[in-house]
Amino acid sequence: MFGLEALDLARIQFAFTISFHILFPAITIGLASYLAVLEGLWLKTRNDTYRDLYHFWSKIFAVNFGMGVVSGLVMAYQFGTNWSRFSDFAGAVTGPLLTYEVLTAFFLEAGFLGVMLFGWNKVGRGLHFFSTVMVAIGTLISTFWILASNSWMQTPQGFEIVNGQVIPTDWLAIIFNPSFPYRLMHMATAAFVATAFFVGSSAAWHLLRGRDNPAIRTMLSMAMWMALIVAPIQAVIGDFHGLNTLKHQPAKIAAIEGHWENHGDEATPLILFGWPDMKEERTKFAVEIPYLGSMILTHSLDKQVPALKEFPPEDRPNSTIVFWSFRIMVGLGFLMIFTGLWSLWLRKRDSLYTSRPFLHLALWMGPSGLIAILAGWFTTEIGRQPWVVYGLMRTADASSNHSFMQMSITLIMFVVVYFALFGAGLGYMMRLVRKGPKISEGSETPDGGPGKKRTPARPLSAADDPAEGEHEDNTRLTKEI
């Protein structure tokens, strides 16, 4: 069917499931830290706005966290079902790294998550804030181990091969492999940027509909400060990451640039747009800027970038895909930087919350961070092909011995179940976003203690809490008696 084989379907299935999964941890990482900041600001200032925002975003965090855990379990099972040869070859490295993630990050999150979500007014303020911080740290630790495992597949070291299997010889070299620091910083920063635009888009949606209050304004203000500061930092990290990739995976860079061959001693141009043709071995309709490719990738005006024709055809990544996925990521990155700068200009003119053109841009930029993460992930993973462990094991040698029919059935099942299950989850999460934060009436109850006016702490409730209204009625009746 369509010229596909069982291996192609296995790759599509893995790409499909990981595309769903990666979105949830990205928002989880950003929201966990955002919640820690909100609670810290509330403890310091006793400003009800921060407390109301904490309760609002903790509900969305809970839904998102649950979907992330479910989708992550599927990823782990696929290593054994669809990629058993890879597990047999590299399991001595990837298995312990994923186990460390469970023993450190997941257990830490699980230990404090209940207190964070359900412990408001049930434990002391210090303990609750500590729990929120621990959950936030847990998400970052999880990122550490997942990126260590994936980075090792990109730039493997610290091992030897015995009887066709990878045997670890230096765990520090395995964990802190050459691409790990750059990929860890790039992914963590991307999660913060994606969350900032998600939060900012939510605020813009409410402001455009006339719901203007301190909580909504605070959401937009904090989100735009994060975009203004972090988006340019992400661009700098991306530059360092590109230099590291050029050193260790030059074929990936050549594919990203759609660069097929060097001419004499000429510097490498930057191809802005074009269509890399893998069969004709050239980039059609190329729009080039002379010297700029060398300047960006080698920080010089005379050094050349390796070209695709310098590598055997069987070792070349699919330039057609990574060429455009990379440009989608970079293009969205520039839009994020522009949005942050525009917000600063409007802030100085006291029109950040009233400029409708900006609010519309902020609204449409809501999914930009997540789309950029997906585009970057496709660039990284497809650019590594045809290797599953770069230079050691080809993807074609890593898959399980399944038939085309088996892979077709399971792929269809995944598509149906994922769209039904996670579609419902995402719909519910958007319902929470549309509802917006519940604003406390008055400030006579700044501690938000038992019996006080506050947003309910139940994370999976998008409706008003009837118990709260009943409690207030009972309190009023008691006072009258």
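Residues are numbered from 1 along each chain as its sequence is written. In this predicted model, local features need pLDDT of at least 70 and side-chain atom pairs count only at pLDDT 80 or more, while totals for chains, interfaces and linings use all residues; side-chain values use heavy atoms, without hydrogens and water.

**View 1. Overall fold of the protein, with 14 helices and six strands.** Helices (H or I, at least four residues) and strands (E, at least two) are DSSP runs, numbered from the N terminus. Of the 481 residues, 51% are buried, meaning under 20% relative accessible area, with exposed over 50% and partly exposed in between (1.4 Å probe, protein chains only).

**View 2. The salt bridge between Asp315 and Arg394.** A salt bridge here is a side-chain nitrogen of Lys or Arg within 4 Å of a carboxyl oxygen of Asp or Glu. The closest N and O atoms of this pair are 2.6 Å apart. Asp315 sits in the loop between helix 9 (292–298) and helix 10 (319–348) and Arg394 in strand 6 (residues 393–394), so the pair ties together parts 79 residues apart in sequence. Arg394 is partly exposed, at 26% relative accessibility.

**View 3. The salt bridge between Glu381 and Arg384.** Their closest N and O atoms are 2.9 Å apart. Both residues are buried. They are three residues apart in helix 12 (residues 368–384), a separation of about one helical turn.

**View 4. The salt bridge between Asp52 and Arg51.** The N to O distance is 3.5 Å. Asp52 and Arg51 are both buried.
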